[in-house]
Amino acid sequence: MKGILDFIKENVSATFAREVVAVGHRIVHGLDLSQPVLLTPSSLATIKQAAVLAPLHNPPGLQGIEAATEVFTDVPQVAVFDTAFHQTMPPHAYMYGLPYDLYEKHKIRRYGFHGTSHKYLVEQAAVMLGKPASEINVITCHLGNGSSVAAVRGGQCVDTSMGLTPLEGLLMGTRCGDMDPAVVLHIQNQCGLSVKETDTLLNKKSGLLGLTGSNDLRAVIEGAGKGEARSQLGLDMFTYRVRKYIGAYTAALDGQVDAVVFSAGIGENSPFIRKLIAEPLHTMGMQLDAAANDKAVGRAGVISAPGSRVKLLVIPTDEELCIAEQTLQVVKGGAAAATGGAAAA
Ligand SMILES: Nc1ncnc2c1ncn2[C@@H]1O[C@H](COP(=O)(O)OP(=O)(O)O)[C@@H](O)[C@H]1O
Ligand SMILES: CC(=O)OP(=O)(O)O
Ligand SMILES: [Mg+2]
């Protein structure tokens, strides 16, 4: 909290602070709350309650709210949730195969995250494809420290790889992603781990970190290049899972995919990883253009060959811009908002 406070105080000039009309916060989990809301004691209580389901994200999010409230005393604070874009998932995608009671009484279901990013990627993909978002089917791959894939039909999310929490799905920097739930029971029984210890193991000590010793994919790539077997395994697992989800979501979209989008730290910056993911998919109509792929680093680009049935796109995400826009919409009571003017914390 002190760190965030100091950062704001050091980096926000008094002149800028006077011009701020609202502060938007990225909040990963809000349980039932998914549309952007003004922060009130009641919405704050829900975000606190949801912290157990997003242990890596909601606590720092709450610290950001506390710090921003202290600095920007008189402006509205708005929460924009990662889950919003995924609300259109049908029940067959968001339900778990558990007793129905758990859904009714405890809201145990898949929520999905990185929604602000996936929504932005769909909107930008529509521009690049020259069609309205409502007419495109895309698979968006947000590949960063946390990674997720979304299947989008006619501009709306129909499935995504993260679930009740941001632990499900792809192999991530420090998170395990998909696995047999019995593994949890087994390690608790065999290794005597408590619930809290298991939570730490799965969220903070697993994924690339647990397998290779580093959560930074750049270090993993370097290690694999030097012939380190564990790094090669981490690299193979990371790229294999992304490919598996692209295959699964192609099926979820009945084989009708206009584009696959790569984004976030890894997706935007690593032609090498995109190549490992996309090259084997050429038989699914996804043909990578090696030269275009190498050029699209940190900027948008079409990286598929001209004849490719499915376009492959690189799009730098911009969650902060989307949060600022949605924050303005909330404070202006839903009026269409221009960009700028709100600070996204
Ligand atoms: N050139 C690159 N090659 C491979 N991985 C990269 C490259 N640049 C950044 N990354 C990866 O991107 C990750 C950070 O992605 P980012 O989207 O910023 O993460 P966060 O989820 O923290 O917002 C880093 O952990 C790093 O592994
Ligand atoms: C939800 C999530 O995984 O977010 P991040 O990528 O910022 O860790
Ligand atoms: Mg990020």
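Ala, Val, Leu, Ile, Met, Phe, Trp, Tyr, Cys and Pro are counted here as nonpolar, Asp, Glu, Lys and Arg as charged, and the others, Gly among them, as polar. The model is predicted, so local features need pLDDT of at least 70, side-chain atom pairs count only at pLDDT 80 or more, and totals for chains, interfaces and linings use all residues. Residues are numbered from 1 along each chain as its sequence is written, chains are lettered from A and ligands numbered from 1 in the order in which they are written, and side-chain values use heavy atoms, with hydrogens and water left out.

On this scheme, the shell around ligand 1 divides into 4 nonpolar, 7 polar and 2 charged residues. The shell holds 13 residues, and N145, D216, L217, G265 and N269 are the closest. A residue belongs to such a shell if one of its heavy atoms lies within 4 Å of the molecule. Helix 13 gives the largest share, 4 residues. Helices (H or I, at least four residues) are DSSP runs, numbered from the N terminus.

A backbone N or O atom of L217 is 2.7 Å from a ligand 1 oxygen. For N145, the corresponding distance is 3.1 Å. A polar backbone atom of G146 lies 3.4 Å from an oxygen atom of ligand 1. Taken alone, ligand 1 exposes 570 Å², of which the protein buries 68%. Accessible areas come from the Shrake-Rupley method with a 1.4 Å probe.

G146 also contacts ligand 2: a polar backbone atom lies 3.3 Å from an oxygen atom of that ligand. Side chains contribute as well. A polar side-chain atom of H57 is 2.7 Å from a ligand 2 oxygen. For R175, a polar side-chain atom lies at 2.8 Å from an oxygen atom of ligand 2. Ligand 2 exposes 260 Å² when taken alone, and the protein buries 85% of that. Its surroundings are R26, H57, D82, F113, H114, G146, M162, P166 and R175. This shell divides into 3 nonpolar, 3 polar and 3 charged residues.

Notes: Polar contact = N/O pair within 3.5 Å; in protein donor to acceptor, adjacent residues only side chain to side chain. Helix = DSSP H or I, 4+ residues; strand = E, 2+ residues; numbered from the N terminus.
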